Structure formats: C-alpha cells, structure tokens
Amino acid sequence: MRRKLVEHLQGKGITDTAVLEAIGRVPRHLFIDDTAFLNKAYDDHAFPIGCGQTISQPYTVAFQSELLRSSKGMKVLEVGTGSGYQCAVLCELGLKVVSIERHRPLYLLTKSRMRDLGYKASLHHGDGYKGVEREAPFDRIIVTCGAPEVPIALLAQLKPGGRAVIPVGLGEVQRMVVIEKDMSGHCKEMDKGAFRFVPMLADKA
Ligand code: SAH
C-alpha cells in the first residue's frame, strides 16, 4: 500500500527521491487513531485525528517536504505536530526535527507515539507563532496549519541562507508560500499554489 501511495505521488508530480523514499518508509496507519479510517490510511486524504485537527494529506506532506529542499543533518522546525506523520517523514529525511503543537492532548499522544516508533524528534507544547526560541536558529521551517500572515518570530528564527514553507491566508484556502532568507537577512517570497489547512491559532497553549 505504501508503494502504491509513492507511485501515486510520483504521478502527481513529486520527483524528489529522498522525499518519496521517506514516505515509503513511514507507517501512516500507525498515525491514525480512529479505526473507521484505518483501511484508508494509504489513500491520499486528510483524516480527523481528534481535537478538531487532521493528519495532512500525503500529497501535501510530500509537496511541502519537497519545497523545503533540505539535506541530511539540517535542523528543521515544524509548527503543528498534530499526529506526527509529517514529523516522521522529516525524521526519515535525516533531519534534526523540532516540532511544536498547541493542543496538549495531541502533544502528549504524539509524544508517546513517536517514542514507541523510535523517532527522535524534539517535541514541544506551546504556541508556534513564537517558534521555539531555545532551539533556534533553524535551517528550515515548515508550518502545517494555515497562518493569517507570515509569523515574524519564525522569520527571526530562520538562519541566513534558510528556507521556510508556510501556508498563508485567512479562511478556507491558503497560498503555499516559500520564503528564502539570503545571507544578509533579506527575505524573498514565492507562491507555490493553493492548499487547504486547519487554521493556525494563537495563544491557547
Ligand atoms: N503535521 C501534522 C498536521 C496536523 S494539522 C500531521 O502530519 O499530522 C495542524 C496542527 O497545527 C494541528 O494539530 C493544530 O493543533 C496545530 N496548530 C494550530 N495552531 C498552532 C500554533 N499556533 N502552534 C502550534 N500548533 C498549532
């Protein structure tokens, strides 16, 4: 089923072999708690994961991971740990992953799941709008919820030469924005199309 999913993602235009191989290794069925969706774990869909949140669609995970243009050993910040699926894909890419989630029950559930599966990400409970100051700076930043605008703290925690992938926009649909920070700290934005995410919410954590 994982092989079929990888072929499907290739068919949809994902070409980065490291990303495809990483997705081919992550057991997505172990990131879905609701047994009603288990037999669809390798379908290219988002599913509910509790707390009104969703595990991202595999195509979105693949697309964002490809846009990151990461290489092994880089330090990456993920905002919106959720089920931990995207986090696991980043771990499989050989990245040092720091991830933050604002829903405490999800954070706790995913923390034990990642431990059980042997993924060594540094997981945090808190408001991702503030990034994770004590682990900054980051080579890469990936946001997996829709932000009304690019969070300033995240840009500040991005290394010069770094790259961030952030869905930006209020309402149902966001633009996938890639931000490149040059060596003098100047940021350039690129638009990579329309996607749907659950909203990035502030200050509940
Ligand atoms: N990467 C996840 C996607 C989960 S959906 C996965 O692969 O399963 C997005 C997640 O972002 C939700 O769990 C939501 O609670 C979280 N989120 C929303 N606003 C946030 C914020 N300000 N800080 C941290 N997490 C946030």
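Cys51 lies in the loop between β1 (47–50) and β2 (53–55). Helices (H or I, at least four residues) and strands (E, at least two) are DSSP runs, numbered from the N terminus. This is a predicted model: local features need pLDDT of at least 70, side-chain atom pairs count only at pLDDT 80 or more, and totals for chains, interfaces and linings use all residues. Residues are numbered from 1 along each chain as its sequence is written, and side-chain values use heavy atoms, with hydrogens and water left out.

Stay with Cys51. Its phi is near 55°, a positive value in a residue other than glycine. The peptide bond from Ala136 to Pro137 is cis, with omega near 5°.

Now the helices. The axes of α2 (residues 17–25) and α4 (residues 85–92) come within 9 Å and cross at roughly 120°. Axes are lines fitted to C-alpha atoms, for helices over the stretch in contact, and angles run from 0 to 180 degrees between N-to-C directions. The angle therefore makes α2 oblique to α4. Under 35 degrees counts as roughly parallel, over 145 as roughly antiparallel, 65 to 115 as roughly perpendicular and the rest as oblique. The crossing of α2 and α4 is right-handed: the near helix is turned clockwise from the far one by less than a right angle. Ala22, Ile23 and Arg25 of α2 meet Tyr85, Val89 and Glu92 of α4. Contact here means heavy atoms within 4.5 Å. By type, these residues are four nonpolar, no polar and two charged. Ala, Val, Leu, Ile, Met, Phe, Trp, Tyr, Cys and Pro count as nonpolar, Asp, Glu, Lys and Arg as charged, and the others, Gly among them, as polar.

Helix α3 (residues 58–68) also packs on α4, at an angle of about 40° with the axes 11 Å apart. So α3 is oblique to α4. This crossing is right-handed. Val61, Gln64, Ser65 and Leu68 of α3 touch Tyr85, Gln86, Val89 and Leu90 of α4. The division is five nonpolar, three polar and no charged.

Last, the ligand. It is surrounded by 27 residues, the closest being Gly80, Ser83, Glu101, Gly128 and Leu201. A side-chain N or O atom of Glu101 is 2.6 Å from a ligand oxygen. A side-chain N or O atom of Glu78 is 2.9 Å from a ligand nitrogen.

Key:
A residue is near a molecule or strand if one of its heavy atoms lies within 4 Å of it. A polar contact is a pair of N or O atoms within 3.5 Å; within protein, one must be able to donate a hydrogen and the other to accept it, and residues adjacent in sequence count only if both atoms are side-chain atoms.
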